[in-house]
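Please look over the sequence and the model below before reading on. The paragraphs after it go from the whole chain to single residues.

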Amino acid sequence: SNDRFGSPGILASAFLLGLTDMDALTFSMARLGDVTLGAKALAVGVLANTLFKCVVVLVLGNRRVRVVAGGGLAALALATLVGLWFYR
């Protein structure tokens, strides 16, 4: 919770939850009550989810899938990182 671990705890849990379940993350951030922290946590979750999918594509995909999907996911991850960097 935000009271116990503060913003770093919220962001760390958003990263972990974003790996697998963006719906649950979205629901819990909507109930957070802090719009700014919730938006940042959602971006962190999107980044985690994108990185996870990129790893899956790179490990399991054939050459064409790795290039096309991996490139697109890497671009999305980079754009999310840039957004988080400027949002600080």
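Residues are numbered from 1 along each chain as its sequence is written, and side-chain values use heavy atoms, with hydrogens and water left out.

The average pLDDT (the predictor's confidence in each residue, from 0 to 100) is 91 for the protein, and 94% of the residues score at least 70. By element, the mean is lowest in helix H1 (residues 2–18), at 85, and highest in H3, at 95. Where pLDDT is low, the predicted coordinates should not be read in detail.

The secondary structure consists of 4 helices and 0 strands, in the order α-α-α-α along the sequence. Helices here are DSSP runs of H or I with at least four residues, strands are runs of E with at least two, and both are numbered from the N terminus. Along the principal axes, the C-alpha atoms fill a box of roughly 45 × 25 × 20 Å. The accessible surface, from the Shrake-Rupley method with a 1.4 Å probe and with only the protein chains shown counting as cover for residues, is about 5900 Å², and carbon and sulfur atoms contribute 67% of it. Of the 88 residues, 26% are buried; buried means under 20% relative accessible area, exposed over 50%, and partly exposed in between (1.4 Å probe, protein chains only). Among contacts (heavy atoms within 4.5 Å) with a separation of 6 or more, 55% join residues 24 or more positions apart.

Helix H3 spans residues 35–60. Its 26 residues reach 37 Å from first C-alpha to last, close to the 38 Å expected at 1.5 Å a residue, where the expected span is 1.5 Å times one less than the number of residues. At the start of H3, a side-chain oxygen of Asp34 comes within 3.3 Å of the backbone nitrogen of Thr36. The buried residues of H3 include Leu37, Ala41, Val44, Ala48 and Cys54. An α-helix has 3.6 residues a turn, so residues three or four places apart point the same way.

Beyond its neighbours within four places in sequence, Asn49 contacts Gly18, Leu19 and Met22. Thr50, also in helix H3, counts as buried because its relative accessibility is 5%. Met29, in helix H2, counts as buried because its relative accessibility is 12%. Met29 touches Ile10, Gly38, Ala41 and Leu42, not counting residues up to four places away in sequence.

Asn62 belongs to the loop between H3 and helix H4 (63–87). Asn62 is partly exposed because its relative accessible area is 48%. A polar atom of the Asn62 side chain lies 2.9 Å from the backbone nitrogen of Val65.

Terms used. This is a predicted model: local features need pLDDT of at least 70, side-chain atom pairs count only at pLDDT 80 or more; totals for chains, interfaces and linings use all residues. A polar contact is a pair of N or O atoms within 3.5 Å; within protein, one must be able to donate a hydrogen and the other to accept it, and residues adjacent in sequence count only if both atoms are side-chain atoms.
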